[in-house]
Amino acid sequence: MEKQNYNHLTRTFRRLSRFGHLSAIAGWDMSTYMPPNGSTARAEALAELSVLQHQILTDKKTVTFLQAAAQEDLNDVERANLREMTRQYQEAVVLPDSLVEEKSLVGSRCEHGWRTQRPANDWQGFATNLKEVVRVSREEARLRADAKGKSPYDALLDLYEPGMTSEKLDVVFGDLRSWLPDLLQKVVDKQSSRPAVDPVGPFATGTQRELGLDTMRMLGFDFNGGRLDVSAHPFCGGVPEDVRITTRYDESDLITSLFGVIHETGHASYEQNLPREWLGQPVALARSTAIHESQSLFFEMQLGRSKAFLNLLLPKIIARFSNQPAFETQNFIAVNQRVERGFIRVDADEVSYPAHVILRYEIERALIDGDIEVDDIPALWDEKMQHWLGLSTKDNYRNGCMQDIHWTDGAFGYFPSYTLGAMYAAQLFNAASRALPQLESDIAEGSFTALFDWLRQNIWQHGSRFTTSQLMTHATGEDLNPLYFRQHLESRYL
């Protein structure tokens, strides 16, 4: 049987992919090199692209082709691609063009303002723009909820982690609540008896950049298909054929930038190893945001903060910045495995990090479901920070509720992916360690071929061919099991 309907759809989605390519690079430029005065014109151009893509995807004929293609003789990969095409169509068709355009415009305006409002601690200015983003996001959530029969927040959560619900999250996060605060206290108490000595700068930005590039090469980043730049908030963007990652530098702090690069290289490795033969089709996209975060946290935490990798990294640091007491081997490991209660999520250690995520999850769910308003956020943030980490953010907006970029463009439902990703990463590293008995010695020698081949075989090459549950079961023998995350933390820190 000919696959006329399916083939028509592949041409449509290839076209969408090309417009998505342009949008991704324009968005990267907006966050890196674009002069400030270009923000309005760029926001309007990106909004126009968003509307164009939306119109192509939601064309009245698309649903006819989807229904007809389902009756055609498709192989397993084509069937998975059709499933993902259908999901994208169903997500898009519930939104009018006007809302797609408005969301893009208010998001660009809020993000651009945030760049100067956060350093200025200007909550009132930021809140004015954020209220518009929340208004649009609530309307989007309402439309999606009506179509899916879910709560407004769950309808957005499903965009980032298909199949996940707040009910499931409450179980997973409820388990964390039962043991994480006690573990955090035990680790902090244990480490307080042996305080680590911090590296002393200045660490020249140019030299930090060279160290980051060298580390990216060691981790297999393909510079013929990507690059490293600077932005206000580190991210991985671009497209699989041209991956753009960013970091930010502080000449008094060597570690934050370096591990930011390692984190984003994990994202980039996933993108650069997605199935090339399917590129341009939904099945070639990363499975979900949590699986994406599992790859960055696999690189940054499971691999990057392991003793074997830190021992490998240390000579490269000493060669560039000369030796100092902080670079004694055991102290360097202690610095990179230090657990402490801090204000900033992206700088948090892996023990305290889930507290930052749960805090945001609880606030954004209440905000989208209409239980709180934007003006309630600072007080709630302060209350939850004091509960989880014993820190007050009263009037400290830039290190509190203004620190993240996610809400500026309406990415409500994204934050849970970070802790889900940490759990997936621990489970995947456990499985890789069982499959590769020589893994620790390989890491110590700087040999990552076997490990990356394992990731390529079990995660990277599959794109969105499988559901998240199927992907994890194929790779590890079971669906998400948070026990591996707890075992990892207890093993490394206690």
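Analyst: Leu99 is buried, its relative accessible area being 7% (buried is under 20%, exposed over 50% and partly exposed in between, with a 1.4 Å probe and protein chains only). The model is predicted: local features need pLDDT of at least 70 and side-chain atom pairs pLDDT 80 or more, while totals for chains, interfaces and linings use all residues. Residues are numbered from 1 along each chain as its sequence is written, and side-chain values use heavy atoms, with hydrogens and water left out.

Leu99 belongs to helix H5, which covers residues 97-117 (helices, H or I of at least four residues, and strands, E of at least two, are DSSP runs numbered from the N terminus). Setting aside neighbours within four places in sequence, Leu99 contacts Val136, Glu139, Glu140 and Leu143 (contact means heavy atoms within 4.5 Å). Ser137 lies 38 residues from Leu99 along the chain, and the C-alpha atoms of the two are 9.3 Å apart.

Ser352 sits in the loop that links helix H13 (329-336) with helix H14 (353-368). When residues up to four places away in sequence are not counted, Ser352 touches Leu184, Glu340 and Leu389.

The account now turns to a sheet. Three strands build this open sheet in the order S1-S3-S2, with mixed pairing (two strands pair if DSSP finds at least two bridges between them). Its edges are strand S1 (226-230) and strand S2 (236-239), each of which pairs on one side only. From one strand to the next, the twist averages 20°. S2 and strand S3 (residues 242-247) run antiparallel and are joined by four bridges; these two strands form a hairpin with two residues between them. Within this pairing, Gly237 has Arg244 of S3 as its bridge partner, and Val239 has Asp242. Gly237 and Val239 lie on the covered face of S2, whereas Cys236 and Gly238 lie on the uncovered one.

Helix H10 packs on the sheet and touches S1, S2 and S3, its direction making about 165° with that of S3 (axes are lines fitted to C-alpha atoms, for helices over the stretch in contact, with angles from 0 to 180 degrees between N-to-C directions).

H10 (residues 254-272) also meets helix H12 (residues 307-321): their axes come within 13 Å and cross at roughly 125°. H10 is therefore oblique to H12 (under 35 degrees is roughly parallel, over 145 roughly antiparallel, 65 to 115 roughly perpendicular and the rest oblique). From H10, Leu254, Leu258, Phe259 and Ile262 meet Phe309, Leu310, Leu313, Ile317 and Phe321 of H12. The contact of H10 with H12 comprises nine nonpolar residues, no polar and no charged ones (Ala, Val, Leu, Ile, Met, Phe, Trp, Tyr, Cys and Pro count as nonpolar, Asp, Glu, Lys and Arg as charged, and the others, Gly among them, as polar).

Another helix pair is H16 (residues 416-435) with H20 (residues 483-493), whose axes come within 7 Å and cross at roughly 80°. H16 is therefore roughly perpendicular to H20. H16 contributes Ala422, Met423, Ala426, Gln427, Asn430 and Arg434 to the contact, and H20 contributes Tyr484, Phe485 and His488. By class, the residues of the contact of H16 with H20 are five nonpolar, three polar and one charged.
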